Amino acid sequence: MKKLWVLWVLLCWCAAGNGQGMVDGEYFFDQDPGAGKGIPVSITPGNTVNLQLTAPVNALSPGFHTLAIRFRNSEGRWSLLQY
């Protein structure tokens, strides 16, 4: 009976982890404005994201800039930045 209980707990834990797909994203140039304060990116919610982003760069000053993007899961947690 003890083995069955452990198996049930593991199955519930794994099932809960599968429901944490990405629901939205954001990007920004240069300085991080803070999680949730970047330029929104529309995505199809899920565990993987295929993104084609057209970011307007005409307002940027001449020179080098950094583009960063991050995603938020269904629990409201933001990913690490991707540069």
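Leaving aside its neighbours within four places in sequence, which residues is V41 in contact with? I looked this up first. V41 is in contact with D24, G25, E26, Y27, L51, L53 and I69. Contact here means heavy atoms within 4.5 Å.

**Ground rules.** I am working on a predicted model, where local features need pLDDT of at least 70, side-chain atom pairs count only at pLDDT 80 or more, and totals for chains, interfaces and linings use all residues. Residues are numbered from 1 along each chain as its sequence is written, and side-chain values use heavy atoms, with hydrogens and water left out.

**The sheet.** I went to the strands next. Strands are DSSP runs of E with at least two residues, numbered from the N terminus. I found an open sheet of 3 strands, in the order 2-1-3, with antiparallel pairing. Strand 2 (39–41) and strand 3 are the edge strands, and each pairs on one side only. From one strand to the next, the twist averages 30°. Axes for that angle are lines fitted to C-alpha atoms, and angles run from 0 to 180 degrees between N-to-C directions. Two strands count as paired if DSSP finds at least two bridges between them. Strand 1 (residues 22–29) and strand 3 run antiparallel and are joined by 7 bridges.

**The core.** I listed the largest nonpolar core. Its 6 residues are Y27, F29, V41, I43, I69 and F71. Such a core is a set of buried Ala, Val, Leu, Ile, Met, Phe, Trp, Tyr and Cys residues joined through side-chain atoms within 4.5 Å. Strand 1 and strand 3 are the elements that give two or more residues to this core.

**N73.** This residue lies in strand 3 (residues 67–73). Is N73 buried or exposed? N73 is buried, because its relative accessible area is 13%. The cut-offs are under 20% for buried and over 50% for exposed, with partly exposed in between (1.4 Å probe, protein chains only). Beyond its neighbours within four places in sequence, N73 is in contact with Q20, G21, M22 and V23. The C-alpha atoms of N73 and M22 are separated by 4.0 Å, although the two are 51 residues apart along the chain. I also noted that a polar atom of the N73 side chain lies 2.9 Å from the backbone nitrogen of E75.

**V57.** V57 lies in the loop between strand 2 and strand 3. V57 is partly exposed, because its relative accessible area is 49%. The C-alpha atoms of V57 and F29, 28 residues apart along the chain, are separated by 9.2 Å.

Definitions and conventions: Helix = DSSP H or I, 4+ residues; strand = E, 2+ residues; numbered from the N terminus. Polar contact = N/O pair within 3.5 Å; in protein donor to acceptor, adjacent residues only side chain to side chain.
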